[in-house]
Amino acid sequence: MTEKKRNWKPATQLVHAGTLRSGFGEMSEAMFLTQGYHYDSAERAEARFKGEEPGFIYSRYANPTVDMFEKRMCALEGAEDARAFASGMAAVTAAVLCSLKAGDHIVAARALFGSCRWVVETLAPKYGIEATLVDGTEIGNWEAAVRPNTKLFFLESPTNPTLEVVDIAAVARLANSIGARLVVDNVFATPLMQKPLELGAHIVVYSATKHIDGQGRCLGGIVLSDKKWIDENLHDYFRHTGPSLSPFNAWVLLKGLETLPLRVRQQTEAAGKIADFLADHPKVGRLIYPGRADHPQADIIKKQMTGGSTLICFDLKGGKKSAFAFENALDVVLISNNLGDAKSLITHPATTTHKNLTDEARAELGMGDGTLRLSLGLEDTDDLLEDIEQALAKA
């Protein structure tokens with residue numbers, strides 16, 4: 001990559017970085033729908049497999065279209081290397097497990113997406129990996145949970161669904177002091193509003209299904225880190241377990257990246273206006289939005305984020321009955337468990353994304369029966385406000 005490309009701003013990187021063109025000079029990235037690759041000679045095949053000659057071997061390992069997506073994400077994130085996965089959860093599972101063995105210990109923030117929490121709390125212990133969940137908003141909780149065998153820290157910030165914010169730099173310093181690695185799920189902030197690697201994190205994961213695609217079309221995930229960690233930990237896991245992203249989905253995600261700044265900017269502006277409206281509404285008991293001064297971790301947000309969020313969390317005073325009535329009365333906003341879409345989406349976490357948690361676990365996370373997560377789309381903000389206002393009247 002030339003010096004000029006390294007100095008490109010994010011919007012330019014997301015259109016041009018990592019582009020590989022064939023001899024036809026196509027403008028749109030080519031979609032290489034192939035399983036395998038041809039070698040000119042047996043000697044070249046041997047050299048390719050030995051790593052003595054660059055090139056592709058098998059699309060489960062690497063593919064030109066997938067490679068473009070990985071390189072573009074590396075340019076945006078400031079990472080040395082990446083591997084793209086078939087889904088966000090495939091990426092999370094790989095990032096958490098690929099460098100651990102029986103007897104190791106994970107410390108994770110307890111405010112995690114339900115499936116992420118299952119990987120840490122249920123799957124990892126099946127393989128002899130211990131796990132401790134903590135309130136991630138206080139660095140002292142991380143320090144108290146450390147053991148001699150602690151090898152990995154894992155967090156998401158802002159969290160799903162209550163939009164708590166964790167001090168990534170502080171947790172990264174603690175990880176470095178004990179020789180552990182910090183994995184950050186950066187989905188809610190997007191790579192445009194938070195750079196975990198710049199804050200000291202070692203590994204960043206995304207569900208590309210969310211804002212990166214951003215239009216409800218396909219699944220995808222990605223893990224980004226330094227080349228040494230990927231070569232020594234992730235590469236063989238990825239190669240032999242087969243969670244690779246399809247070339248078609250990689251092409252869709254490349255197209256999504258081109259419009260990511262435009263979409264996230266509009267969604268964040270809409271979220272800020274709607275958060276201000278909800279904060280003053282008599283039927284709303286609590287409003288959490290990272291772009292407001294009353295956010296519980298507002299000081300940390302100023303240090304590590306460059307914008308608010310495309311999501312809002314709020315509680316309706318009437319509990320589940322009011323939450324369901326509100327959801328059912330919405331016209332423009334759609335009921336879904338997804339987020340980061342071009343369409344505005346409303347989620348009742350207690351009965352969907354976090355339904356497998358106990359009542360006590362949800363209470364620890366500040367999630368009640370009236371808690372709703374709103375993901376803003378690209379509709380006209382006035383239409384969204386009107387829709388939300390009329391639905392609140394029926395809650």
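1. Start with L163, which is buried in this predicted model. L163 sits in the loop between β4 and α8. Have a look at its backbone too: phi is positive, about 60°, even though L163 is not a glycine.

2. Why does that deserve a remark? Most residues other than glycine have a negative phi.

3. T190 is another one to check. Here phi is about 65°, again positive without the residue being a glycine. You'll find T190 in helix α9, which covers residues 190–193. With a relative accessibility of 1%, T190 counts as buried.

4. Now go back to the loop between β4 (150–156) and α8 (168–178), where P158 is found. The peptide bond leading from S157 into P158 is cis, with omega near -10°. P161 has its place in the loop between β4 and α8 as well, and the bond from N160 to P161 is also cis, with omega near 10°. For background, most peptide bonds are trans.

5. Last, a helix pair. How do α5 and α6 pack? Helix α5 (residues 88–97) meets helix α6 (residues 114–126) at an angle of about 40°, and their axes are 10 Å apart. That angle makes the two helices oblique to each other, and their crossing is right-handed. On the α5 side, the contact is made by M89, V92, T93, V96 and L97; α6 brings in S115, C116, V119, L123 and A124. Sort the residues of this contact and you get 8 nonpolar, 2 polar and no charged.

How values were computed: Residues numbered from 1 in each chain as written. Predicted model: local features only at pLDDT ≥ 70, side-chain atom pairs only at ≥ 80, totals over all residues. Heavy atoms only, no water. Axes fitted to C-alpha atoms, helices over the stretch in contact; angles between N-to-C directions. Helix = DSSP H or I, 4+ residues; strand = E, 2+ residues; numbered from the N terminus. Parallel < 35°, antiparallel > 145°, perpendicular 65-115°, else oblique. Left-handed = near helix turned anticlockwise from the far one by under 90°. Contact = heavy atoms within 4.5 Å. Nonpolar A, V, L, I, M, F, W, Y, C, P; charged D, E, K, R; others polar. Buried < 20%, exposed > 50% of the residue type's maximum accessible area, 1.4 Å probe, protein only.
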